[in-house]
Amino acid sequence: EEIYTINTVEELAKSIKDMTIRGSGAIGIAGAYGILLAAANSNGDRNYIKESGLLLKSTRPTAVNLMKTVDEMIEAIDNYCGKEVVDFIEEKASEIIERQLGYEKKLGEYGAELINEGDTILTHCHSGALAGAGYGGRALSVIRKAFEQGKNIHVFTSETRPYLQGARITAYELERWGIPHTLITDGMSGYLMKLGRIQKVVVGSDRIAANGDLLNKVGTYMHALAAKKNNIPFYTATSSHTIDYDLAHGMDAHVEYRNEKEVTHLNGQLITEAVTKALYPSFDVTPNELISGIITEKGVMISPYLESLLKVK
Ligand code: RUB
């Protein structure tokens with residue numbers, strides 16, 4: 001496996017921006033370690049650490065884990081009067097990561113209860129272990145737990161252009177765990193649902209609004225619409241860290257638009273006419289009424305989400 005070394009916060013910020021580090025769990029962890037890196041390079045200058053926090057937060061504006069983790073780290077530093085700031089931050093970063101891994105495991109247990117023997121589950125993009133570096137990430141934590149319970153399940157993993165996360169990463173993880181799966185592209189789910197070949201949809205979450213609206217990788221909304229039309233339960237797996245109680249509605253969130261070249265090029269090669277214009281909103285918003293349940297480390301929350309999500313706070 002390739003080892004990638006990062007020595008400065010600027011390098012780390014670039015790695016998040018250019019998707020070398022991606023997935024909301026992984027960038028949350030990168031945020032915690034980023035502040036540690038800033039502290040180690042700061043010569044005791046706390047302003048430098050704060051500015052590094054701002055730089056990190058600007059890299060992926062949609063996924064909220066990164067913001068919350070950086071803010072939590074900075075607040076801890078503000079309240080810390082001791083001398084050994086780097087040791088203190090190292091401990092804090094490990095604490096945050098342990099907590100996140102604990103959430104993943106717990107939500108997987110709650111979510112697995114929703115999966116029945118013989119189900120084929122559609123998941124979108126990548127919400128897995130490489131993201132959280134833990135038990136199974138979030139959507140995949142649910143799927144992995146159901147599989148470990150001995151349920152005979154199958155997974156349709158839908159890839160997402162242009163990064164093809166479902167193809168490259170989710171399929172890789174499912175293969176490693178021995179979970180039967182089939183790769184599809186993101187336009188195929190509606191037809192497969194109509195054929196009766198999908199029984200559940202479980203996706204991850206980059207941000208959940210206070211009213212339960214879901215921000216997730218672009219294409220999620222289309223899967224949710226198709227699921228509703230075909231009476232298929234649609235779940236998102238998340239944890240308290242991803243619920244943004246300050247965001248009233250999903251449509252008010254800042255959605256990251258990425259460079260159109262990421263659509264017109266594949267592996268650095270132009271695949272369209274040179275004049276073709278492209279657009280790339282990299283996340284979309286699934287309204288709460290399309291969501292059957294929000295799987296969290298405190299149980300499965302159901303509508304009305306304005307009330308139920310407060311139990312997770
Ligand atoms: C992350 C991604 C999806 C996940 C998020 O985006 O693959 O949006 O569903 O789920 P990107 P989780 O690859 O652009 O970082 O929060 O469980 O990772």
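User: Where is proline 162 placed?

Analyst: In this predicted model, proline 162 sits in the loop between strand 2 (154–159) and helix 8 (165–177).

User: And what kind of peptide bond joins arginine 161 and proline 162?

Analyst: That bond is cis, with an omega of about -5°. Most peptide bonds are trans.

User: Changing topic: which residues of helix 1 are buried?

Analyst: Helix 1 covers residues 9–17, and its buried residues are Val9, Leu12, Ala13, Ser15 and Ile16. Looking down the axis of helix 1, you would see these residues fall within an arc of 160°, so they line one face of the helix.

User: What covers them?

Analyst: The cover over the buried residues of helix 1 includes helix 2 (24–40) and helix 3 (46–57).

User: What follows helix 1?

Analyst: Helix 1 is followed by methionine 19, which belongs to the loop between helix 1 and helix 2. Methionine 19 has a positive phi of about 75° although it is not a glycine. Most residues other than glycine have a negative phi.

User: Is methionine 19 buried or exposed?

Analyst: Methionine 19 counts as buried, because its relative accessibility is 6%, and buried means under 20%. Cysteine 125 also has a positive phi, of about 60°, without being a glycine; its place is in the loop between strand 1 (120–124) and helix 6 (129–132), and with a relative accessible area of 4% cysteine 125 is buried.

User: Now the overall layout: how is the chain divided?

Analyst: The protein chain is divided into domain 1 (9–102) and domain 2 (105–312), and the centres of domain 1 and domain 2, taken over C-alpha atoms, are 26 Å apart.

User: How many residues are in contact between domain 1 and domain 2?

Analyst: On the side of domain 1 there are 24 residues in contact with 27 residues of domain 2. About 1,900 Å² of area is buried between domain 1 and domain 2, with carbon and sulfur atoms giving 46% of it. Across this interface the rule finds 16 residue pairs in polar contact, both residues being at pLDDT 80 or more.

User: Which elements of domain 1 give two or more residues to the side that touches domain 2?

Analyst: They are helix 2, helix 4 (64–78) and helix 5 (85–112), and helix 4 provides the largest share of that side, six residues.

User: How many salt bridges does the structure hold?

Analyst: The structure holds 13 salt bridges. One of them pairs lysine 92 with glutamate 72, their closest N and O atoms being 3.5 Å apart, and this pair links distant parts of the chain, since lysine 92 is in helix 5 and glutamate 72 is in helix 4, 20 residues apart.

User: Which of lysine 92 and glutamate 72 are buried?

Analyst: Lysine 92 is buried, with a relative accessible area of 14%, and glutamate 72 counts as buried at 19% relative accessibility.

User: Where else does lysine 92 form a salt bridge?

Analyst: Its side chain also meets that of glutamate 95 in a salt bridge (3.3 Å, N to O). Lysine 92 and glutamate 95 are three residues apart in helix 5, so about one helical turn separates them. At 46% relative accessibility, glutamate 95 counts as partly exposed.

User: And which residue forms a salt bridge with aspartate 119?

Analyst: Aspartate 119 forms one with lysine 200, with the closest N and O atoms 2.7 Å apart. Aspartate 119 is in the loop between helix 5 and strand 1, whereas lysine 200 is in strand 4 (residues 200–203), 81 residues apart. Aspartate 119 is buried, with a relative accessible area of 5%, and lysine 200 counts as buried at 7% relative accessibility.

Methods: Residues are numbered from 1 along each chain as its sequence is written. This is a predicted model: local features need pLDDT of at least 70, side-chain atom pairs count only at pLDDT 80 or more; totals for chains, interfaces and linings use all residues. Side-chain values use heavy atoms; hydrogens and water are left out. Buried means under 20% relative accessible area, exposed over 50%, partly exposed in between (1.4 Å probe, protein chains only). Helices (H or I, at least four residues) and strands (E, at least two) are DSSP runs, numbered from the N terminus. The arc is that of the directions from the helix axis to the C-beta atoms. Contact means heavy atoms within 4.5 Å. Domain bounds come from an automatic or database domain assignment. Buried area is the accessible area (1.4 Å probe) that two parts lose on being put together, summed over both. A polar contact is a pair of N or O atoms within 3.5 Å; within protein, one must be able to donate a hydrogen and the other to accept it, and residues adjacent in sequence count only if both atoms are side-chain atoms. A salt bridge is a side-chain nitrogen of Lys or Arg within 4 Å of a carboxyl oxygen of Asp or Glu.
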